[in-house]
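Subject: Structure for you to look at

Hello,

Here is the structure I promised to pass on. Please open it first, then read my notes below.

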Number of protein chains: 2
Amino acid sequence: MLVNGKPGKLISIRDRGLLYGDGVFRTLRTTLGKAQHWPLHYQKLQHDCVALGIICPDAALLASELNDLLALHPDGVVKLIVTRGEGTRGYAPPVCAKTTHLWDIGLLPDYPADWAEHGIKARLCQLRLSQQPRLAGIKHLNRLENVLAAAEWNDTDIAEGILLDDSGNVIEGTRSNLFMVRDGVLLTPDLSRCGVDGVQRGRVMQWADSHNVPCRVEQFGLEELLAADEVFLVNSVIGLWPLRELQGRNWGQHLLAMQVQKDLNHAPD
Amino acid sequence: MLVNGKPGKLISIRDRGLLYGDGVFRTLRTTLGKAQHWPLHYQKLQHDCVALGIICPDAALLASELNDLLALHPDGVVKLIVTRGEGTRGYAPPVCAKTTHLWDIGLLPDYPADWAEHGIKARLCQLRLSQQPRLAGIKHLNRLENVLAAAEWNDTDIAEGILLDDSGNVIEGTRSNLFMVRDGVLLTPDLSRCGVDGVQRGRVMQWADSHNVPCRVEQFGLEELLAADEVFLVNSVIGLWPLRELQGRNWGQHLLAMQVQKDLNHAPD
């Protein structure tokens with residue numbers, strides 16, 4: 001673990017990341033000493049920092065620290081957190097806030113191989129996401145909705161929970177983005193009012209573009225989701241999981257999903 | 001500062017308070033070695049912990065630590081944070097999470113005395129609060145909406161920002177609860193879909209009850225607020241501030257507000 005470039009695993013109790021969740025983060029997979037799609041993650045980190053008015057750490061600095069981490073921990077998962085830094089004088093961001101950035105490492109979660117190969121069972125979460133355009137899409141540290149949603153089940157056969165917003169639109173999984181296939185067209189929810197716009201979502205859209213598969217961002221509800229030809233979930237750690245079962249609906253084939261999965265897993269950085 | 005009962009000012013970067021804002025807090029005023037209205041604060045802390053499924057630290061333990069703090073820092077502001085503790089395996093709360101609790105101290109903010117005596121100028125925030133019934137009322141650590149709202153102005157003449165929800169209902173100040181007076185009746189916004197239900201709000205409602213002043217919780221919009229006879233803002237640190245100016249509307253008299261202020265300031269714990 002590194003805190004502001006130095007080995008350590010502690011931060012100040014006055015850090016605004018703790019006090020207010022005033023920060024952003026990235027979770028990425030590392031393989032053979034390489035961080036997968038780091039440039040895309042840095043780009044998203046920058047975007048999210050700008051959205052919150054946080055000064056993003058320099059690309060070269062982060063790349064250098066990441067390389068040091070990778071030399072010691074070549075395979076697994078790396079988490080990067082950037083907060084607005086210390087401050088105790090209320091909610092207003094300090095004029096001269098000095099950003100805190102820290103790295104943590106972990107093992108790759110031990111998911112059953114079957115989930116990626118034959119699909120997962122998911123549940124519909126009771127919690128409905130609130131709509132806040134100012135925070136939508138950003139991978140920020142205010143994640144209590146995800147915590148409450150993930151607390152809804154403990155059946156280990158259920159790999160993910162699907163989240164709707166409070167208007168009934170399908171938005172995402174508790175820790176993944178969602179795509180559905182209808183008549184050969186890829187559809188992914190509009191995240192302009194809630195949800196997290198992940199790097200892997202962008203990679204799927206990029207894949208669609210380069211393979212001449214129509215891909216649209218739009219609103220759809222649960223009924224349309226259950227009527228889809230295929231559904232799949234993506235994030236940077238799990239890669240792509242086809243959806244096998246939700247609300248009694250079973251999907252037997254995942255033709256397009258498996259093609260996307262294969263290409264994403266083998267794509268260069 | 002105390003972290004889990006020991007002097008210290010650092011917590012683990014794996015604490016879920018930082019990772020997800022998975023925790024709650026209290027801010028209270030201390031005077032002459034006494035924490036104001038501690039029993040009410042502990043009651044609210046317990047309520048908020050239950051709402052998130054966090055194990056609340058024992059009352060006697062917290063009271064004992066608070067007493068130690070007060071002996072060294074008799075006057076000012078004390079902040080208490082309780083988080084779900086450490087954990088890095090995703091959003092779902094760990095089965096055996098060990099709560100983290102920590103205390104921090106600070107000086108009483110140096111507000112102009114005039115604000116309590118003759119009222120404050122406030123602005124209407126552009127940010128609209130999102131509606132999440134599962135988190136409404138709780139003083140949790142997901143406070144990015146407050147941060148963004150407080151970042152909207154830096155004119156030091158403006159003491160507070162007023163927040164509406166995304167349906168246009170008046171909800172609160174960025175760090176205070178709001179009351180208005182209309183025809184001798186106290187009205188305070190319904191906080192069942194957003195906002196923080198503070199201890200001082202409860203004290204005002206209790207005051208109204210014991211003084212036979214009608215007090216109702218209900219929804220109202222900006223127009224009704226501007227048409228009110230009086231408006232005032234409360235929290236445990238500022239006490240009570242009458243509203244003198246908002247959106248070009250000026251209030252010259254604060255008869256009921258000043259009576260409430262006087263009684264609250266002199267009420268026993």
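Start where the two chains meet. Strand 3 (residues 10-12) of chain A is joined to strand 3 of chain B by 3 bridges, and the two run antiparallel. Find Ile11(A) there: its bridge partner in strand 3 of chain B is Ile11(B). Keep in mind that this is a predicted model.

Now the whole contact. It takes 42 residues from chain B and 42 residues from chain A. On the side of chain B that touches chain A, the elements giving two or more residues are strand 3 (10-12), helix 1 (16-20), strand 7 (100-106) and helix 5 (144-150) of chain B. Helix 5 of chain B gives the most, with 6 residues. By type, the residues on this side of chain B divide into 19 nonpolar, 14 polar and 9 charged.

Do the copies use the same surface or different ones? The same: 100% of the interface residues of chain B are also interface residues in chain A, so the copies meet through the same surface.

Next, symmetry. Two copies of a chain are related by a rotation about an axis and a shift along it. Here, a rotation of 180 degrees with 0.0 Å of shift along its axis superposes chain B on chain A, with an RMSD of 0.0 Å. The two copies are thus related as by a two-fold rotation axis.

Then look at the sheet in chain B. Strands of a sheet pair through backbone hydrogen bonds, either parallel or antiparallel. This open sheet has 6 strands, in the order 2-1-7-6-4-5, and the pairing is antiparallel. Strand 2 (6-7) and strand 5 (34-35) of chain B stand at the edges. Each has a single partner strand, so one side of each is left without a neighbour in the sheet.

Strand 4 (residues 23-31) of chain B runs antiparallel to strand 5 of chain B, and 2 bridges join them. Thr30(B) stands opposite Ala35(B) in strand 5 of chain B. Helix 2 (residues 38-52) of chain B lies across strand 4, strand 5 and strand 6 (76-83) of chain B. It runs at about 175 degrees to strand 4 of chain B.

Last, the core. In soluble globular proteins, nonpolar side chains tend to be buried together. The largest nonpolar core in this model has 132 residues. Those with the most contacts inside it are Val24(A), Leu163(A), Phe232(A), Val24(B), Leu163(B) and Phe232(B). Leaving aside its neighbours within four places in sequence, Phe232(A) is in contact with residues including Phe179(A), Leu240(A), Trp241(A) and His254(A).

Best wishes

Conventions
Residues are numbered from 1 along each chain as its sequence is written. Chains are lettered from A and ligands numbered from 1 in the order in which they are written. This is a predicted model: local features need pLDDT of at least 70, side-chain atom pairs count only at pLDDT 80 or more; totals for chains, interfaces and linings use all residues. Copies are superposed by least squares on the C-alpha atoms of residues with pLDDT of at least 70 in both. Two residues are in contact if their C-beta atoms, placed from the backbone, lie within 7 Å. Two strands pair if DSSP finds at least two bridges between them. Helices (H or I, at least four residues) and strands (E, at least two) are DSSP runs, numbered from the N terminus. Axes are lines fitted to C-alpha atoms, for helices over the stretch in contact, and angles run from 0 to 180 degrees between N-to-C directions. A nonpolar core is a set of buried Ala, Val, Leu, Ile, Met, Phe, Trp, Tyr and Cys residues joined through C-beta atoms within 7 Å. A residue is buried if 20 or more other C-beta atoms lie within 10 Å of its own, exposed if 12 or fewer, and partly exposed in between; C-beta atoms are placed from the backbone. Ala, Val, Leu, Ile, Met, Phe, Trp, Tyr, Cys and Pro count as nonpolar, Asp, Glu, Lys and Arg as charged, and the others, Gly among them, as polar.
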